[in-house]
Amino acid sequence: MATSLVRSFFLRTALRGGARGSHVPKRNFASSAHHDDAYETAKWEKITYLGIASCTILAIYNLSKGHPHHEEPPAYPYLHIRNKEFPWGPDGLFETKDH
């Protein structure tokens with residue numbers, strides 16, 4: 001029975017035109033169908049250099065302009081009122097003690 005299966009397999013392949021397994025089609029990806037990789041690389045390299053140059057020029061322009069200096073706010077006396085001493089003493093917790 002095994003020999004009849006082998007004979008029928010060889011008979012079918014011979015009638016179909018020989019073994020088809022020798023030619024494997026090359027797989028093409030969608031990105032390489034119409035574009036040249038070197039062209040795309042050169043294009044994005046130019047875009048990158050243009051972006052770097054424009055960001056540098058914009059940063060130089062923004063940093064060269066003056067910025068407004070606002071007046072100091074008045075020293076409001078009620079902001080630093082201590083009506084009750086701290087539990088750790090008269091000074092603040094992280095102040096230096098010069099007694």
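The model is predicted, so local features need pLDDT of at least 70 and side-chain atom pairs count only at pLDDT 80 or more, while totals for chains, interfaces and linings use all residues. Residues are numbered from 1 along each chain as its sequence is written, and side-chain values use heavy atoms, with hydrogens and water left out.

Start with the whole chain, shown as a cartoon. The chain has two helices and zero strands; helices (H or I, at least four residues) and strands (E, at least two) are DSSP runs, numbered from the N terminus. Of the 99 residues, 3% are buried. Buried means under 20% relative accessible area, exposed means over 50%, and partly exposed lies in between (1.4 Å probe, protein chains only).

The protein chain exposes about 10,300 Å², and carbon and sulfur atoms supply 64% of it. Accessible areas come from the Shrake-Rupley method with a 1.4 Å probe; for residues, only the protein chains shown count as cover.

Next, select Glu40 and Lys43. Their side chains meet in a salt bridge at 3.4 Å, N to O. A salt bridge is a side-chain nitrogen of Lys or Arg within 4 Å of a carboxyl oxygen of Asp or Glu. Glu40 and Lys43 are three residues apart in helix α2, so about one helical turn separates them. Glu40 is partly exposed at 22% relative accessibility, and Lys43 is partly exposed at 31%. A search of the whole structure finds one salt bridge.

Last, select Tyr78. Tyr78 is in the segment after α2 (37-64) and is exposed, with a relative accessible area of 54%.
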